[in-house]
There are 4 protein chains.
Amino acid sequence: MRKICVVVGSRANYSSIKSAMYAIDEHPNLELQVVAVASALLDRYGSVETQMKQDGFDLRSRVFMLIEGETPATMAKSTGIGLIELPTVFEQIEPDIVLTVGDRFETMATTLSAVYMNIALAHTMGGEVSGTVDESIRHAITKFAHIHFPACSDARDRIIRLGEPDESVHLVGCPRIDLVAEILADDAGDDALSEMFEHGVGGVFDIKQPFVILSQHPVTTEYGEGEKQITTSLQAIQKLGLPAIVLWPNPDAGSEDVARGMRKFREHNDDSNFHFFKSIPIKQYVHLMSRTACIIGNSSSAIREGAYIGTPAVNIGSRQNSRQRGSNVIDVDHIEIEIASAMKAQLNHGRYEGEPIYGDGRAGRRIADVLAGAQWNIQKTITY
Amino acid sequence: MRKICVVVGSRANYSSIKSAMYAIDEHPNLELQVVAVASALLDRYGSVETQMKQDGFDLRSRVFMLIEGETPATMAKSTGIGLIELPTVFEQIEPDIVLTVGDRFETMATTLSAVYMNIALAHTMGGEVSGTVDESIRHAITKFAHIHFPACSDARDRIIRLGEPDESVHLVGCPRIDLVAEILADDAGDDALSEMFEHGVGGVFDIKQPFVILSQHPVTTEYGEGEKQITTSLQAIQKLGLPAIVLWPNPDAGSEDVARGMRKFREHNDDSNFHFFKSIPIKQYVHLMSRTACIIGNSSSAIREGAYIGTPAVNIGSRQNSRQRGSNVIDVDHIEIEIASAMKAQLNHGRYEGEPIYGDGRAGRRIADVLAGAQWNIQKTITY
Amino acid sequence: MRKICVVVGSRANYSSIKSAMYAIDEHPNLELQVVAVASALLDRYGSVETQMKQDGFDLRSRVFMLIEGETPATMAKSTGIGLIELPTVFEQIEPDIVLTVGDRFETMATTLSAVYMNIALAHTMGGEVSGTVDESIRHAITKFAHIHFPACSDARDRIIRLGEPDESVHLVGCPRIDLVAEILADDAGDDALSEMFEHGVGGVFDIKQPFVILSQHPVTTEYGEGEKQITTSLQAIQKLGLPAIVLWPNPDAGSEDVARGMRKFREHNDDSNFHFFKSIPIKQYVHLMSRTACIIGNSSSAIREGAYIGTPAVNIGSRQNSRQRGSNVIDVDHIEIEIASAMKAQLNHGRYEGEPIYGDGRAGRRIADVLAGAQWNIQKTITY
Amino acid sequence: MRKICVVVGSRANYSSIKSAMYAIDEHPNLELQVVAVASALLDRYGSVETQMKQDGFDLRSRVFMLIEGETPATMAKSTGIGLIELPTVFEQIEPDIVLTVGDRFETMATTLSAVYMNIALAHTMGGEVSGTVDESIRHAITKFAHIHFPACSDARDRIIRLGEPDESVHLVGCPRIDLVAEILADDAGDDALSEMFEHGVGGVFDIKQPFVILSQHPVTTEYGEGEKQITTSLQAIQKLGLPAIVLWPNPDAGSEDVARGMRKFREHNDDSNFHFFKSIPIKQYVHLMSRTACIIGNSSSAIREGAYIGTPAVNIGSRQNSRQRGSNVIDVDHIEIEIASAMKAQLNHGRYEGEPIYGDGRAGRRIADVLAGAQWNIQKTITY
């Protein structure tokens, strides 16, 4: 039995790897080891830990590692805490492969801990281009990983150009799309959405009528701009007059700025047309994506899940620069009038045809199969 | 005045950056900030801190960060300590550019701290291929760095293939060669070497007669093999019958293994033909390199400085795999008879012509000039 | 010039030491070094850092050390971060004496860092008995401190019984009372309070009419009870019908529980009679204390400042058990009817005569004078 | 089954708790959880981990926590690493009681981790007076502990005067004496000692002839004096002319100084009469204590085990100041002539009668019995 350790560090992380976790857990030759770290343990980002337990996963260890402050310095320091503790955890549970997700700072801690300890590293969502410090982290992790699971063909090609051997790169699609496919196949979402306004705070409205979604995160290289950026977006939505579902930002350098902007907006404006959520369960979120008149902000979900679902999207600013995107996305700057005008265009257009750029719904099973059979040389060498 | 922070983490680090530190310190538009960390602060690895002060450098901060154990886990944990403390240091001294050296774990801590804090990162000795986990670290740092100072042309080409913009890559040579050139130009070394046996322990011999140098470090991906590997090399030298200067290993996962092998050899053999040093001052080392009949082991100095000086070298095992090398190197496995036979061939050949593959002695000044004029975009993007 | 380092870790800390900081700063033979750590740096607890700068203090260093989670484990871990970083800070600024305040976990980190580094430790507010883990921390710090500044006579006696030499124990009063005295002497508070409702969230009411204050924190040894406890208090107040000023809890194990209770109360009740503050500037707080019909909860301020001011107080539960108190306090359990009945009794009684149990308003100057002249033996020995 | 976690941090720690570990392991109502930390994991201090496994104990976790440097700052920082990691360990293994030993820095980390997490703390060897920062640590731990196991009657009385309830203080003797009693009862030691010179380095001599033992550690409050102090002792012994068994110092602030003194002495003197050990197995050590003409230095074993065995002892300097001692000890300063003269007096006197001041050989079983039946209130309060 190969032991596969998945380190889950946030709500986004979990959605991005859950279908692979199920597939690993069910695979006859694999044993799943789940470790929850960072914001996955915290109430104020929606407790992912609780959700994982409800989904039937046992936790092998929990590592609180986020240092409060959400400044650039605390991101580095939080990575440091992870690097102090994860080796102790890995020594106890002795995984054969550590599977890590994406490009956040807890991912860097997972990566370095595994690599220094001569444990094989598998990586999902490598090779993508996106802007922010996440891009450098993602490519650096590619240089450490022994097994690559890119989500799209562009990403696969880029990993190979980075000097990784062809046979270590497996185009599997994004496991997050697996969840989307399953949810959309399941039902129309009426039940899932019926009691959604019992959570969060703010106004209540009829989601059978047109509404928008706003999901906007700080850009680490634009530290200090977050408050102004979110305010611009909120004002554009308010002028449009449609009700909005608004998500609090991920914990990252600058998220406190964004949150402050949201709190001030709430205090100084009539917010009866806005409802604010710390997090939305993935099931509700997918159904909202399939119904919304338009998703606004700089979340990758607008581009990735949006492509599969066909959700009209207005992508603001630099955070998603260069991410491969479908025809559902209109890109704009942090300028109120641009945002407003793009929203109007999307309202007129309505839902798009789905494009499976980021997967066809079977990524998780492919990942488990590769992990069960993979060979690797712990000593990596660049191909050129 | 641009503030350039150099984080020095070991004796090898210091030799590899010292000429650039002088050049930065003397440059009219640059201010040098020196931070000493990790083994640079420790007596038992030869106190680099003391040497830096003697060389006229002021320290802005000191960070003790090595966790004892020298296992794979403690390397990761030591990186973690660095990541907790260096952001606090950077916040205090506010460098414009952090200049980091090579590929060791403290380098990774320096790199991540700078990058998360949106400070430009310059990197020397990137792009090389070498074996061990250091190779992955080195390429990962390339993916984080904004300014690259490769030491040789192969390395420059590789950095560009890794997706870094041409204009950010500056072929300057290795600053360590600057020191070598200066030392060799200075005098014949008789004074420098006259009292060398007052340090270290073991036998004393005449270094005007043929002698060899052994410098062998643990290979992190071959953890647990170090004791056997060093014993093989010591036995090969003993059979050859030439006196030997032996260096203790760098602090790394597995160095305790190598040290144990050396201690056991000393206890169970006549060691009157061997003299053991914790470290050798660079000046003595260069003169020894220019006189030795042969340098043995897996130190990069045999290949880099060896090329410039023309030192006959026997390189053992995988640690230097694929490092660009001159005609002075014979490669062998950890097999006693192979090592012995290669040593004999080198004794017969004698000193080689120098080849300036890793620089011509002016790297430090080039680095300072580039740092003074460089432009960068803190938001990196891959070129493809 | 003796260098006196004050490590400020929270808003409560700052109020408890500010008058001593001014007195040290102005003393001809002392140099003040301020280090801000933990929640003193965080926006969401009211930025103490900003306030210290406005008050004219320069910061020598900032240490982010709070690990998110607010569980018992994260308190220990946060102390650990402090212990990793503060020695580096102390090495840089080389204080002669470190002055630490009270009994929180950052205080423990400050204490151990100073003591291990052979720096003399001075401690305010030692010797008091209070319940919670803070009591053990406080007495442990007494066993490390070289100079003691108890706030009341009971505390002085207790420190001496703990085996500390008489001559090291200086009864000075509490520096927080210095601020209270100064504020009350200054003006009637009308200006200070005129715009207070522009901050915080919730209902607005006339503070010339009777109102109450609720300040209730988690009890670390009753972890998990916080939500129920705060709900009971809020309901008791609601039934009473008087408007209330409510403070969010300090960051401690369990504060998330208390905060959740407050959020739920706001969501499920008419909260127009309640106004919620993350923090209240000390000036406003003192004037509110001198006007309120009754202060409710388990804050030490009800007992300490309350005694000096004569504020009617209802102290709930075990958190302040055994703290020396004046006639202004009625003690009750976490039972709605008890709380309500005690509040009514206090409303009938009205304001009390002030009792200077915790000082007469000149503690800060006494502390500075003692620090300027103190002798100590870095090697402590118990007196029996 | 009550779960009792013992955190072992050094070779001295292990000897001081081993008999209690056996008794806990064998007790029908107790489950033993062993965690190895700090120097217990390190080869260069004699691997305690290996020895524990040979003795039949399973490790539940290992925490590398020593930061290299052995300066005052690194002791604090090492405590910090322990505080970051031990809470994660305790969360996983959920002990009912944590049993901690003595007064070293890893003990402080264990203590704070347990206390913050509301786990009951039991403490051996509290209440003693000894000099060095260890004394403050020991008394501070007493203020955190719920169950006390003093080794001698003076210590018990002192714990009670420190405000601990009588019923929480159990005079059990020192578990280390249990081992001594067992070893001395077992055999005459000829086998145990026959091959001892195969370990360590230096001269070989006949231990049936008179010899001395030197065991001298740095004094943390006399940082920087260690090299001179050890040199004085070594010279005094050399002049006496008897062969000597010499122990390397414990890892503590300043141990590098002492070690340097020892290395220099070896390099510059005829050391054929000296044999140096990193550590000596307890069995050999006890037999050596029962045979030696005199034990010299500042080790507590000369006083504690020495009293039970009747070993002639010369105690140098301040490290053991005020430790309760028997008639076997002569106290002197770090002055060569004083040391020499006291050694001569002890040689003339010969072995003393044993005095069971620190226990009668049954401490371990008493500790296990108390732990099985103990009641405690997690919320401590001082008794006065």
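Predicted model: local features only at pLDDT ≥ 70, side-chain atom pairs only at ≥ 80, totals over all residues.
Colleague: Which helix of chain B gives the most to the side of chain B that touches chain A?

Modeller: The contact joins 41 residues of chain B to 41 residues of chain A. On the side of chain B, at least two residues each are supplied by helix 3 (72–93), helix 4 (105–116), helix 5 (133–144) and helix 6 (153–161) of chain B. By class, that side of chain B, the one that touches chain A, holds 22 nonpolar, 12 polar and 7 charged residues. The element that gives the most to it, with 12 residues, is helix 3 of chain B.

Colleague: How many residues does helix 3 of chain D bring to the side of chain D that touches chain A?

Modeller: Here 9 residues of chain D are in contact with 9 residues of chain A, and the side that belongs to chain D divides into 3 nonpolar, 3 polar and 3 charged residues. Two elements of chain D, strand 3 (59–63) and helix 3 (72–93), each supply at least two residues of that side. The largest share comes from helix 3 of chain D, and it amounts to 6 residues.

Colleague: Why is strand 2 of chain C largely enclosed by the rest of the structure?

Modeller: Strand 2 of chain C pairs with strand 1 (residues 2–8) of chain C in the parallel sense over 7 bridges, and 4 bridges join strand 2 to strand 3 (residues 59–63) of chain C, again with the strands running parallel. As for burial, a residue counts as buried if 20 or more other C-beta atoms lie within 10 Å of its own. Strand 2 (residues 30–37) of chain C is largely enclosed because, of its 8 residues, the number buried is 6.

Colleague: Which residue in strand 2 of chain C is the bridge partner of C:K3?

Modeller: Strand 1 of chain C, helix 1 (residues 11–26) of chain C and strand 2 of chain C make a right-handed β-α-β unit. Towards strand 3 of chain C, C:V37 stands opposite C:V63. In strand 2 of chain C, the bridge partner of C:K3 is C:E31.

Colleague: Which helix of chain A gives the largest share of the side of domain 1 that touches domain 2?

Modeller: Chain A is divided into domain 1 (2–174 + 359–373) and domain 2 (181–349), and 26 Å separate their centres, taken over C-alpha atoms. The contact takes 23 residues from each of domain 1 and domain 2 of chain A, and by class the side of domain 1 has 9 nonpolar, 9 polar and 5 charged residues. The elements that give two or more residues to this side of domain 1 are helix 1 (11–26) and helix 3 (72–93) of chain A. The largest share, 3 residues, comes from helix 1 of chain A.

How values were computed. Residues numbered from 1 in each chain as written. Chains lettered and ligands numbered in written order. Contact = placed C-beta atoms within 7 Å. Nonpolar A, V, L, I, M, F, W, Y, C, P; charged D, E, K, R; others polar. Buried ≥ 20, exposed ≤ 12 C-beta atoms within 10 Å, placed from the backbone. Pairing = 2+ DSSP bridges. Right-handed = clockwise from strand over helix to strand, strands pointing away. Domains from an automatic or database assignment.
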